[in-house]
Amino acid sequence: MSCCPKSTAESCCPTPTDSSCCPNPTTSSESCCPTDSSCCPKPTDSSESCCPKPTDSSESCCPKPTDSSCCPKPTDSDIASGVKDYYGKVLKSKDDLLTPACKTPVTSIPKNVRDVMSQIHDEVVSKYYGCGICVPPCLTNMNVVDLGSGSGRDCYVLSKLVGQQGSVIGVDITDEQLSVANKYVDYHTKKFGFDKPNVRFLKGFIEDLQKVGIEDNSIDIIISNCVVNLCEDKRKVMNEIYRILKYGGEMYFSDVYCDRQLPESVQKHQLLWNECVSGALFWEDLNKFAIDLGFEVPRIYSAHTFEISKPELKEVVGDARFISVIYRLFKLDKSKRESGNKQVTYKGGMEGCEDNLKLDYKLNFPTGTPVSIDDVTWNIIHQSRLNDFFDSKKAPCCAAVDKVEVENPFVVVEREGFTKAAGSCC
């Protein structure tokens, strides 16, 4: 692959006449893009289209592929453009997806959520490409943000669950998806019996939520449904999540992770990136990013492995393994921590969790049953929206409690015997 294909060479590289610019002014040199900025001006819309991303073959044409005057390096906008085209123009339904990363829900859905899902407009549901549904409990009157909201399905479910006094913001970069979402704001407002809309959709990058006007410490809950992996700068996404969450707030999100750091050759595979595979974060990096920012240890709510079955795509990823996980991240005020183990009793009364409240894959609170927990878990309950649903007292000195620690989701799946999913990032 040459830096400037012959058909477009003239728009990027002027006809070579200066030997210092194009040492060998021959017909073949017209299809090559020298590194001299006098021959290859700074990229414009037209020059970027004739100077593709650097590859091994293009390096022989562009000896300095990192020089933006010749062959610019891939940027966030390159990734974002590919993602926008894929989800806005290529995909028409979930049947068009080529990997099992985001197809079949495998987690049980509470009845109250199922009831709301049945009220969502058919077009919103059909144009939604997330996996399963990503809705935490205890949402009444909460302010919620959905990162990568797509056609708005999860936002409308949240809209009903937070109620008229709550609010929901959906953020997405895809015009076609936002068009569908905005089309049905009035429909769902009337459907839910609200006096006015409590949901709005904003166009923007989830790496820069400040640009769409979301203020510091203003959000109770953030959800995201298999979208963070589509962003190149995941650390920046996590920074923004931490910035906008209130103390006591939660990030409840599903995403795809890998058992290793994927090589650049895999990450550059645009189709697999679009399919939520080659952008998968190494699970250790997710935990490191979160803890470094100040979040509590990420808690695994559910996890299921999946496999890439198409031979041509399997060849690209090799023996890398992938897993879909719902994580819960809590942002707490360190100055208000309480020490010591606690014995807590879930009082019930939470919609959808009348008999039992599940905090993570191994910690459940049956209604009316005392459970001893460590101080990390107690501070999460005490500082969050969950506090009003619990009674607490000092744990008995002999009580055994599980200490919260970072866990390998692949080990969790194998140890707990979770069924391997035919496909899901939930």
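Select helix α13, residues 283-293. Helices are DSSP runs of H or I with at least four residues, strands are runs of E with at least two, and both are numbered from the N terminus. Trp283, Asp285, Leu286, Asn287, Phe289 and Ala290 are buried here. Buried means under 20% relative accessible area, exposed means over 50%, and partly exposed lies in between (1.4 Å probe, protein chains only). This is a predicted model: local features need pLDDT of at least 70, side-chain atom pairs count only at pLDDT 80 or more, and totals for chains, interfaces and linings use all residues. Residues are numbered from 1 along each chain as its sequence is written, and side-chain values use heavy atoms, with hydrogens and water left out.

Now show what lies over α13. The cover of its buried residues includes α10, β5, β6 (281-282), β8 (322-330) and α16 (409-416). Contact here means heavy atoms within 4.5 Å. Step just past the helix to glycine 294, which takes a positive phi of about 120°.

**The second largest cavity**

Next, select Val228, Asn229, Lys234, Met238, Phe253, Asp255, Val256, Tyr257, Gly279, Leu281 and Leu286. Together they line the second largest cavity. A cavity is found on a 1 Å grid over the protein atoms alone, as a set of points where a 1.4 Å probe fits but cannot get out; lining residues have an atom within 4 Å of a point. Its volume is about 60 Å³. Grid points are joined across faces, edges and corners, and a volume is the space filled by probe spheres set on the points. The count of cavities of 30 Å³ or more is two.

Which element gives the most to this lining? Strand β5 does, with four residues. Both α10 (234-244) and β5 (245-258) supply at least two residues each. Colour the lining by type: seven residues are nonpolar, two polar and two charged. Nonpolar covers Ala, Val, Leu, Ile, Met, Phe, Trp, Tyr, Cys and Pro; charged covers Asp, Glu, Lys and Arg; the others, Gly among them, are polar.

Glycine 279 counts as buried, at 3% relative accessibility. Not counting residues up to four places away in sequence, glycine 279 touches Asn229, Lys234 and Trp273. Draw a distance from glycine 279 to valine 256: 8.4 Å, C-alpha to C-alpha, for residues 23 apart in sequence.

Cysteine 276 is in the loop between α12 (270-274) and β6. Buried or exposed? Cysteine 276 is buried, with a relative accessible area of 2%. Check its backbone too: cysteine 276 has a positive phi of about 70° although it is not a glycine. Most residues other than glycine have a negative phi.

**Asparagine 217**

Go to the loop between β3 (199-203) and β4 (219-225), where asparagine 217 lies. Asparagine 217 has a positive phi of about 50°, and it is not a glycine. At 40% relative accessibility, asparagine 217 counts as partly exposed.

**The nonpolar cores**

Select Ile214, Ile222, Ile241 and Tyr257. They touch the most other members of the largest nonpolar core, which has 40 residues. Such a core is a set of buried Ala, Val, Leu, Ile, Met, Phe, Trp, Tyr and Cys residues joined through side-chain atoms within 4.5 Å. Its largest share, five residues, comes from α10. Centre on isoleucine 241: leaving aside neighbours within four places in sequence, isoleucine 241 is in contact with Leu147, Ile222, Met251 and Phe295. A second, separate core has 27 residues, including Val124, Val157, Tyr184 and Phe194.

**Helix α8**

Select α8, residues 175-183, and find Gln177, Leu178, Val180 and Ala181, which are buried. Look down the axis of α8: the buried residues fall within an arc of 160°, so they line one face of the helix. The arc is that of the directions from the helix axis to the C-beta atoms.

**Histidine 382**

Move to helix α15, residues 375-383, and pick histidine 382. Histidine 382 is partly exposed, with a relative accessible area of 29%. Leaving aside neighbours within four places in sequence, histidine 382 is in contact with Glu338 and Asn387. Its C-alpha is 9.7 Å from that of leucine 332, 50 residues apart along the chain.

**The whole chain**

Zoom out. The protein chain holds 16 helices and 13 strands. Of its 426 residues, 53% count as buried. Among contacts between residues at least 6 apart in sequence, 78% join residues at least 24 apart.

Terms used:
1 Å grid on protein atoms, 1.4 Å probe; cavity = no way out; pocket = protein on both sides within 12 Å on 5 of 7 lines; lining within 4 Å.
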